[in-house]
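Please keep the sequence and the model in view while reading.

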Amino acid sequence: MNKGRIIFLNGVTSSGKTSIVEALQNRDDCYFYVVANDLFEQMIGDKFLQEDYWQHLSRVILLMYHTAKLFSDMGHDVLIDGILVERTEIAPHYQQMMDILANSPLHIVEVACPLDICRARNIARSDRYENQSAEQAELMAKDIHYVMTVHTDQNTPEECAEAIVRTIMK
């Protein structure tokens, strides 16, 4: 059985990852299962997140990568909606993800957007705090090997999805 492709959309909050996921899922020429930081974070009770957010989140992030690997091993294409941050509790995050997905067809896509636009999106969303994107940018893993970059300040989610399909899926 052929392994499914894993496309990791990596970017700070409000950079446009989820909008691209939705655009990809609305296409007729491909089908993806989605795993996302936000979905896996919901598996943790609020009590534990308030006690030690990063310790508990780091566990489910690694479970998310194993879940993506399982889907891929079963021949299914997977989208990861996430962010590769380096925190003590999960370090070395990028390397751990690479180790878990070592034998999988992994494609990491940088979802780029200027921080001032992310900040405005955070304010408009009201479920993120104003400077959350900037704080995440400081924690972002360095030296990530991207197969491509999409710019959500210059392109619609549908245009970004089209570029991803043209580059990775064809």
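## Pockets

A pocket, as the word is used here, is an open set of grid points with protein on both sides within 12 Å along at least five of seven lines, and its lining residues have an atom within 4 Å of a point. The model under study is a predicted one.

Sorted by class, the lining of the second largest pocket holds ten nonpolar, two polar and three charged residues.

The largest pocket has a volume of about 800 Å³. It is lined by 39 residues, of which Thr13, Lys17, Asp38, Arg128 and Gln136 are the closest to its centre. Several elements give two or more residues to this lining: helix 1, strand 2 (33-36), helix 2 (37-41), helix 3 (46-73), strand 3 (78-82), helix 5 (115-125) and helix 6 (132-139). Helix 1 contributes the most, with five residues. The lining of the largest pocket comprises 15 nonpolar, 14 polar and ten charged residues.

## Helix 1 and helix 7

Two packed helices are described by the angle between their axes and by the distance between those axes. For helix 1 (residues 17-25) and helix 7 (residues 157-169), the axes come within 8 Å and cross at roughly 65 degrees. Helix 1 is therefore roughly perpendicular to helix 7, and the crossing of the two is right-handed.

On the side of helix 1, the contact is made by Ser19, Ile20, Ala23 and Leu24. Helix 7 takes part through Pro157, Glu158, Cys160, Ala161, Ile164 and Val165. By class, the contact of helix 1 with helix 7 contains eight nonpolar residues, one polar residue and one charged residue.

## Helix 3 and helix 4

The axes of helix 3 and helix 4 come within 9 Å and cross at roughly 25 degrees. Angles under 35 degrees count as roughly parallel, so helix 3 is roughly parallel to helix 4. This crossing, too, is right-handed.

Helix 3 makes the contact with Ile61, Leu62, Tyr65, His66 and Lys69, while helix 4 uses His93, Gln96, Met97 and Ile100. The contact of helix 3 with helix 4 has five nonpolar, three polar and one charged residues.

## Helix 5 and helix 6

How do the directions of helix 5 and helix 6 relate, and at what angle do their axes cross? The axes come within 8 Å and cross at roughly 135 degrees. Helix 5 and helix 6 are therefore oblique to each other.

Leu115, Cys118 and Asn122 of helix 5 meet Gln132, Ser133, Ala134 and Ala137 of helix 6 in this contact. Its residues divide into four nonpolar, three polar and no charged. Both helices also give two or more residues to the lining of the largest pocket.

## Two backbone details

Most residues other than glycine have a negative phi, and most peptide bonds are trans. Which residue other than glycine has a positive phi near 70 degrees? That residue is Ser14, which lies in the loop between strand 1 (6-10) and helix 1.

The second detail concerns a peptide bond. Ala91 and Pro92 are joined by a cis peptide bond, with omega about -5 degrees. Pro92 is placed in the loop between strand 3 and helix 4 (93-100).

Conventions: Residues are numbered from 1 along each chain as its sequence is written. This is a predicted model: local features need pLDDT of at least 70, side-chain atom pairs count only at pLDDT 80 or more; totals for chains, interfaces and linings use all residues. Side-chain values use heavy atoms; hydrogens and water are left out. Axes are lines fitted to C-alpha atoms, for helices over the stretch in contact, and angles run from 0 to 180 degrees between N-to-C directions. Helices (H or I, at least four residues) and strands (E, at least two) are DSSP runs, numbered from the N terminus. Angles under 35 degrees count as roughly parallel, over 145 as roughly antiparallel, 65 to 115 as roughly perpendicular and the rest as oblique. A crossing is left-handed if the near helix is turned anticlockwise from the far one by less than a right angle, and right-handed if clockwise. Contact means heavy atoms within 4.5 Å. Ala, Val, Leu, Ile, Met, Phe, Trp, Tyr, Cys and Pro count as nonpolar, Asp, Glu, Lys and Arg as charged, and the others, Gly among them, as polar. On a 1 Å grid over the protein atoms alone, a cavity is a set of points where a 1.4 Å probe fits but cannot get out, and a pocket is an open set with protein on both sides within 12 Å along at least five of seven lines; lining residues have an atom within 4 Å of a point. Grid points are joined across faces, edges and corners, and a volume is the space filled by probe spheres set on the points.
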